[in-house]
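Grab the structure and follow along.

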Amino acid sequence: MSNKATLLKGTRDFGANQIQKREFIFGHIRKVFQKYGFGPLETPAMESMNTLTGKYGEEGDRLLFKVLNNGDFLAKADQEALNTKDSKKVLPSIVKRGMRYDLTVPFARYVVMNQQTLKFPYKRYQIQPVWRADRPQKGRYQEFYQCDADAIGSKGLIYEAELMQIYDEVFVNLGLNVCIRINNRKILFGIAENAGVQDKFMDMTIILDKLDKIGEEKVRMELGNKGISESSIDIIMQGIAITELDELKDYFKNSETGILGYQEVKQVFDFLLDSPLTNELKFDISLARGLGYYTGCIFEVESKDAKMGSIGGGGRYDDLTGVFGLKNLSGVGISFGAERIYDVMNDLFLFPNDLSGQPSLLILSLDASILSHSFQFVTELRKNGIHCDMYPEAVKMKKQMAYADARQYESVIIIGEEEVNSKLYTVKQLLSGKQEKLSKKEILTKFIDK
């Protein structure tokens, strides 16, 4: 009985055309990262569970993909936990590694391990896949690429402004009309202070992060389920209803942290005052970013022309490296959601038509005795930098032409005994049907730049 070929939910195959489109996105992002002085970095797909857990909040920890220990992983398992079917308790005894959830925590781990050789501020970019055990749906996958840029070793808000410029430039280059939303975790903490729920700040931000998805009524319900009183919920909802940045000066009369958050966001806008972005930069007090390590400005990007959720996000983290032993090293970073950007661009037909990566020229042989000549011919064309291919058998010309049409080659070179003897080769343009006899030199001239 043969196994049925299946694809895991939340994952995708990418053929040649899709890969070319993805590389188009990665290329534009990489070019802008490098333009702004960020250098490349790659980290392993797997990290120790000690590295991964406790950095993303309770919900993030649940979405970590765990990797079972090698060999007989039950041999050293906690037997009592096994007997009582306590999966949470048994986990540390059978799992030591996990797939990386994002690129920021591995980056922080790398910085700590290499602090003696790095020059701070250190700017790096990273384009690699991450894994999350999330429920698959449109725009949400279990395996997907992130494209990150982080600057660490400075609290200077110039980096926040710079990252907004990077977002703007990349999306302009990709032809995407977006809104870049900005807020500050200190502003959210000020709201928590005003509501008297500082001790439930993490719960509050995780729930507020769902506002766009579940609506105000369910947000109120979830806040209540966390033990937050109705009066405190009213104060929270009043706070996140504020739309103008300057309104916060009065709102935060009794919150130093809230005022500091207001000042930080205002400084970013001031930096960009004389260098305005093409895309909209919008203050949004309801933006929460549920990840636990953010401490300052936070960002999120949405397409204005497609309903997809966020296609980018990031923020300031003041002490992420502290959990690995390197205290007080502030950093800030952004991430591009490559998979969602791909889906949006595909839906809006924004990819150029010439991204197939397919050679434009195919060589066909009329007879088996010609195959050797055709092979030498295609080899010479390739040595001259011409992207071309050769049909591997001398089957009926109808079959070879059908293959050329199906693969959408621009032209074919037909080689038979007459062509070999005369050294003039039949070149046919498939779209127009135009046919001409050309020498090898003329063929090189014609296709050398294609």
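A charge sits over a ring if NZ of Lys or CZ of Arg is within 6 Å of the ring centre and within 35 degrees of the ring normal. This is a predicted model, where local features need pLDDT of at least 70, side-chain atom pairs count only at pLDDT 80 or more, and totals for chains, interfaces and linings use all residues. Residues are numbered from 1 along each chain as its sequence is written, and side-chain values use heavy atoms, with hydrogens and water left out.

Q: How far from the ring centre of Phe 38 is Lys 123?
A: Lys 123 lies over the face of Phe 38, 4.6 Å from the ring centre.

Q: What makes Phe 26 count as buried?
A: Buried means under 20% relative accessible area, exposed over 50%, partly exposed in between (1.4 Å probe, protein chains only). Phe 26 comes in at 5%, so it's buried.

Q: Why is Tyr 145 called partly exposed?
A: Because its relative accessible area is 25%.

Q: Why is the pair of Tyr 391 and Tyr 403 called edge-to-face?
A: Rings of Phe, Tyr and Trp (its six-membered ring) pair if their centres lie within 6.5 Å; planes under 30 degrees apart are stacked, over 60 edge-to-face, the rest tilted. Here the centres are 5.2 Å apart and the planes at 75°, so edge-to-face it is.

Q: What makes Tyr 391 buried and Tyr 403 partly exposed?
A: Tyr 391 has 10% relative accessibility, so it counts as buried. Tyr 403 is at 29%, so partly exposed is the label.
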